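Keep the structure open as you read.

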Amino acid sequence: MTKTPSDQPLKQVNQRGAARLAAVQALYQMDIGGTGVLEIVAEYEAHRLGQELDGETYLKADASWFRSIVSGVVRDQRMLDPLIGAALQDDWALSRLDSTVRAILRAGTFEMLERKDVPVPVIVTEYVEIAKAFFEDEEPKLVNAVLDRIAKQVRGQRK
């Protein structure tokens, strides 16, 4: 079954959720294209966040939340990747994951570490929903499991 916007119930989009989605897209774009953090943040803020591009209107997003996630993931990637790698199943390496899944896990792990004011269930749910926007099968389950393991490790609690 394909998901189309008209099939989905209309709901108020929160600006942090939109910032998370944009951050995942920006991190993916940086991973694939080798774009730098300053360039990507400037591009998103000028042309995507709450803007229309190629006939599509992007959601209004909390720009400072977006910047914080993107720049924080880039700054802390050497710390984030080992945490994610340890939370994966033994036979999986982070490099084997799809680039979008890597971006989702990096952003979620960053928030888990840096945004102590945001409850674990909110972080996990938001990033699982982002995974569901891109994937239908195993990837959202993987995101849920990995972020849950990381939450237990870094925050010492269950989601």
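Start at Arg106. Setting aside neighbours within four places in sequence, Arg106 is in contact with Val73, Gln77, Leu80, Asp81, Ile84 and Leu94; contact means heavy atoms within 4.5 Å. Arg106 is buried, with a relative accessible area of 11%. Buried means under 20% relative accessible area, exposed over 50%, and partly exposed in between, with a 1.4 Å probe and protein chains only. Arg106 belongs to helix H4, residues 99–114. Helices (H or I, at least four residues) and strands (E, at least two) are DSSP runs, numbered from the N terminus.

A word on the source. This is a predicted model, where local features need pLDDT of at least 70, side-chain atom pairs count only at pLDDT 80 or more, and totals for chains, interfaces and linings use all residues. Residues are numbered from 1 along each chain as its sequence is written, and side-chain values use heavy atoms, with hydrogens and water left out.

Now follow H4 to its partner. H4 and helix H5 (residues 120–134) pack at an angle of about 170°, and their axes are 10 Å apart. Axes are lines fitted to C-alpha atoms, for helices over the stretch in contact, and angles run from 0 to 180 degrees between N-to-C directions. H4 is therefore roughly antiparallel to H5. The cut-offs are under 35 degrees for roughly parallel, over 145 for roughly antiparallel, 65 to 115 for roughly perpendicular, and oblique for the rest.

Which residues in H4 and H5 meet? From H4 come Thr100, Ile104, Ala107, Gly108, Glu111 and Met112. From H5 come Val120, Ile123, Val124, Tyr127, Ile130, Ala131 and Phe134. By class, this contact of H4 with H5 has ten nonpolar, two polar and one charged residues. Ala, Val, Leu, Ile, Met, Phe, Trp, Tyr, Cys and Pro count as nonpolar, Asp, Glu, Lys and Arg as charged, and the others, Gly among them, as polar.

Next comes Phe135, in the loop between H5 and helix H6 (138–154). Is Phe135 buried or exposed? Phe135 counts as buried, because its relative accessibility is 15%. Not counting residues up to four places away in sequence, Phe135 touches Asp98, Thr100, Val101 and Pro140. Phe135 and Val101 are 34 residues apart along the chain, yet their C-alpha atoms are separated by 9.3 Å.

Finally, step back. The chain has six helices and two strands, in the order α-α-β-β-α-α-α-α. Of its 159 residues, 42% are buried.
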